[in-house]
Amino acid sequence: MLLCGECLKELSNHEAAYERELDADVVGRVNAILEEEGPKVDKSKKKLNSARLDMDTAKSRHASALKSGQQLPSKVEALQSAQDDAETKFDHQQDAYATDMFRFLSKEHEIAEETYKLLERQLVWHRQSAKTLEEFLPKLQTELS
């Protein structure tokens, strides 16, 4: 039983070392990228949604004014101008959102490199665990016999 405990302790030491390295190197770097770019994309998306709502409201007001036919021409022109401004703002926000998304996507290579490092570390961890098991299993078999 003592030998089983030693084997499990060795395996858990390998796993703990693997998780420490993973947190320090891979997860930390990916988190840094996400924390840097994520809020920018999120903020840009919120601005885009707000601009879309403003544009829809301006379109609705203008359409209502045209439909009623009771509005002064200057009022209709003002509503048309407000709609045009809202559409311009929406177009600008679409461009800003696309720019932020492309900036985020440009980090794909860095994230892929970190994923590769993760896979390398997993391979090392599995090899260490297999080596430990290969060392302890014959001893355990001998003890059981």
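The legends below describe views of a predicted model of one protein chain.

**View 1. Helical make-up of the chain.** The secondary structure consists of three helices and zero strands. Along the sequence these follow the pattern α-α-α. With a radius of gyration of 30 Å, well over the 15 Å that the globule rule gives for 145 residues, the chain is more spread out than a compact globule. Along the principal axes, the C-alpha atoms fill a box of roughly 100 × 25 × 15 Å.

View 2. Among contacts with a separation of 6 or more, 89% are between residues 24 or more positions apart. Of the 145 residues, 22% are buried.

**View 3. The aromatic pair of tyrosine 18 and tryptophan 125.** The count of aromatic pairs in the chain comes to one. Tyrosine 18 and tryptophan 125 form this pair, which is stacked, with 5.0 Å from centre to centre and 10 degrees between the planes. The pair links distant parts of the chain: tyrosine 18 belongs to helix H1 (residues 2–68) and tryptophan 125 to helix H3 (residues 108–144), 107 residues apart. Tyrosine 18 has a relative accessibility of 10% and therefore counts as buried, the cut-off being under 20%.

**View 4. Surface and charged side chains.** The chain exposes about 10,500 Å², of which carbon and sulfur atoms supply 56%. Its side chains include 21 positive and 28 negative ones. The centres of these two sets lie 5 Å apart.

Definitions and conventions
Residues are numbered from 1 along each chain as its sequence is written. This is a predicted model: local features need pLDDT of at least 70, side-chain atom pairs count only at pLDDT 80 or more; totals for chains, interfaces and linings use all residues. Side-chain values use heavy atoms; hydrogens and water are left out. Helices (H or I, at least four residues) and strands (E, at least two) are DSSP runs, numbered from the N terminus. The radius of gyration is taken over C-alpha atoms; the globule rule is 2.2 Å times the number of residues to the power 0.38. Buried means under 20% relative accessible area, exposed over 50%, partly exposed in between (1.4 Å probe, protein chains only). Contact means heavy atoms within 4.5 Å. Accessible areas come from the Shrake-Rupley method with a 1.4 Å probe; for residues, only the protein chains shown count as cover. Lys and Arg count as positive and Asp and Glu as negative; His and the chain ends are not counted. The place of a charge is taken as NZ of Lys, CZ of Arg, CG of Asp or CD of Glu. Rings of Phe, Tyr and Trp (its six-membered ring) pair if their centres lie within 6.5 Å; planes under 30 degrees apart count as stacked, over 60 as edge-to-face and the rest as tilted.
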